[in-house]
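Please consider the structure shown below.

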Amino acid sequence: MSLTRREFLRFGGMAGFALHLPGGWNERIVPCPSIAGPEGHAIGLSVRVRANPQALDPAKLEPFADALPLPPILRSNALRASPEDPSRKVPFYRIEMREVLVKLHRDLPPTRQWGYAGMVPGPTFETRSGNGLLVEWANRLPAQHFLPIDHRLHGAGLDQPEVRTVVHLHGGRTPPSSDGYPEDWYPPGRATTSFYPNRQDAATLWYHDHAMGINRLNIYAGLSGLFIIRDQFEDRLQIPRGRHEIPLMIFDRMLDTHGQLLYPVSDNPQSPWVADFFGNVMMVNGKVVPYLEVEPRKYRFRILNGSNSRLYQLLLANGMPMMQIGTDQGLLPAPVELRRLAIAPAERADLVVDFAGHQGEQIVLKDDAVNVMQFRVSRTKVLDASHLPRYLRPVPRLSEASAVRTRVLTLDEYDDLSGKTILMLLNGTYWHQPITEKPRINTTEIWNFVNLTDEIHPIHLHLVRFQVLDRRVFERFEYQRTRNLRYLGPLTPPEPQEMGWKDTVRVQPHTVTRVIVRFEGYKGRYVWHCHNLEHEDNEMMRPYEVIEPA
Ligand code: C2O
Ligand code: CU
């Protein structure tokens with residue numbers, strides 16, 4: 001891969017790139033928060049977004065007009081034989097994916113979306129560690145997609161049905177046949193049943209679509225919901241629960257003046273794919289910038305970044321601290337005090353926020369300067385029996401010496417001569433090429449993600465949980481020429497809030513990010529990919545296979 005004009009320009013920190021939207025446009029510069037320097041500092045890049053005359057100006061929508069909706073918790077009213085042991089019965093659920101019209105804001109007409117059980121986000125699953133369950137996922141969507149498919153992308157050709165879905169449980173230790181392999185999609189009128197054994201620690205998981213080549217559009221349309229696993233360990237802690245435990249699924253959208261979802265397209269009608277999506281309307285649990293009434297006491301918030309590309313920098317506008325207690329795969333060893341939470345697509349963060357002493361205040365949760373939602377603290381004092389312990393759950397560090405193999409895997413971006421990104425790859429390989437990552441079951445490996453691009457890529461592995469080892473800035477141009485890794489700085493240890501079990505890691509630009517992974521659970525074919533959905537859909541995804549022991 002050689003240095004392209006765009007990379008050259010971007011490396012100088014001077015360039016923008018154009019994101020074209022349909023219609024006639026006025027140009028406007030908006031900051032692009034997911035592009036950041038090696039230490040996570042913005043390097044002065046911006047995306048040039050052409051303002052669509054049909055696009056709704058979010059400033060016209062009154063913030064905090066709607067109450068935060070809480071997705072309903074699913075109840076199963078049927079039992080079926082467990083696929084692992086037919087003498088045992090497990091809960092059975094049936095979920096239909098349907099087109100729905102939903103009011104996203106008090107002053108907007110209903111918006112067409114696609115939701116699990118007709119809701120966006122979908123209803124929340126709740127189960128306990130080790131309690132398996134079965135879900136029949138029925139595709140009852142229309143035959144036509146309402147968002148711009150790029151038929152040039154792999155798996156999205158004109159010879160394929162327009163509407164295809166397959167569900168993946170993100171963060172689940174799931175057998176391969178139920179994991180939602182991107183090519184295991186099915187069209188409207190069909191259904192498939194998945195078995196989730198849930199043999200894993202308490203954590204906030206995420207079910208979402210994973211269909212090859214149109215995943216970004218399906219999730220943008222609304223196919224996304226939470227799946228919570230609890231366990232005894234967590235039960236024993238006196239952290240807030242019940243109505244004081246609130247999920248916050250955050251994502252950004254772009255709307256037209258009729259309140260309908262807009263998804264940008266490139267200036268090439270043959271290839272409408274765009275390299276990133278940044279919306280200007282912030283949504284929490286499917287409502288535009290809502291409010292939540294809280295009592296002056298501690299709350300637990302389970303935050304999921306369900307956006308296509310946007311990395312958030314969340315903070316409370318009054319400067320109040322947030323205590324992070326959990327990450328992707330469950331509790332941290334100890335709470336971490338934060339004033340600002342960086343959270344990339346697909347990452348989860350469990351926070352405890354104490355509103356005691358803030359009676360009557362209105363506290364805004366922001367992404368930098370942008371309103372995300374508001375907490376309205378009631379005036380009456382309440383008794384708070386919850387307790388935030390000093391230590392939460394031991395997370396023993398995996399020893400590097402236990403790794404049987406180290407892999408070096410590049411993250412690559414390819415631009416055309418005009419500087420427009422046309423392709424993203426993992427380790428220079430396309431999706432359809434033979435499987436190259438074949439870890440043996442019950443072995444540990446170290447994966448080095450070598451980021452040759454200017455962007456953060458949230459890298460996710462299915463099936464497993466891992467630990468972040470460290471990050472290190474390297475000389476990219478030398479690496480591109482000679483494959484020699486020359487480091488330019490010291491090893492940076494993981495951030496304190498990355499000391500828990502993870503399944504998605506932020507790979508900073510121009511750094512090598514190392515993770516240590518034990519491949520446990522099931523043999524078979526899975527995927528690893530960038531969770532920037534635009535990247536994932538354009539080749540930044542690879543199969544991998546867990547194989548039998550030596
Ligand atoms: Cu959120 Cu391949 O998954
Ligand atoms: Cu990416």
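The explanation that follows treats a metal site, a sheet and a set of salt bridges.

This is a predicted model, in which local features need pLDDT of at least 70 and side-chain atom pairs count only at pLDDT 80 or more, while totals for chains, interfaces and linings use all residues. Residues are numbered from 1 along each chain as its sequence is written, chains are lettered from A and ligands numbered from 1 in the order in which they are written, and side-chain values use heavy atoms, with hydrogens and water left out.

The copper ion (ligand 2) is coordinated at 2.0 to 2.1 Å by His457 (ND1), Cys530 (SG) and His535 (ND1); donors are N, O and S atoms within 2.8 Å of the metal (3.2 Å for Na, K and Ca), and sites may look incomplete, as water is not among the atoms. Cysteine 530 is buried at 0% relative accessibility, and histidine 535 is buried with a relative accessible area of 0%. Buried means under 20% relative accessible area, exposed over 50%, and partly exposed in between (1.4 Å probe, protein chains only).

An open sheet of 4 strands runs in the order E31-E29-E33-E34 with antiparallel pairing. Strands (E, at least two residues) and helices (H or I, at least four) are DSSP runs numbered from the N terminus, and two strands pair if DSSP finds at least two bridges between them. Strand E33 (residues 524-530) pairs with E34 over 6 bridges.

The whole structure holds 39 salt bridges, each a side-chain nitrogen of Lys or Arg within 4 Å of a carboxyl oxygen of Asp or Glu. In one of them, lysine 502 and aspartate 328 have their closest N and O atoms 3.1 Å apart. Both lysine 502 and aspartate 328 are buried.
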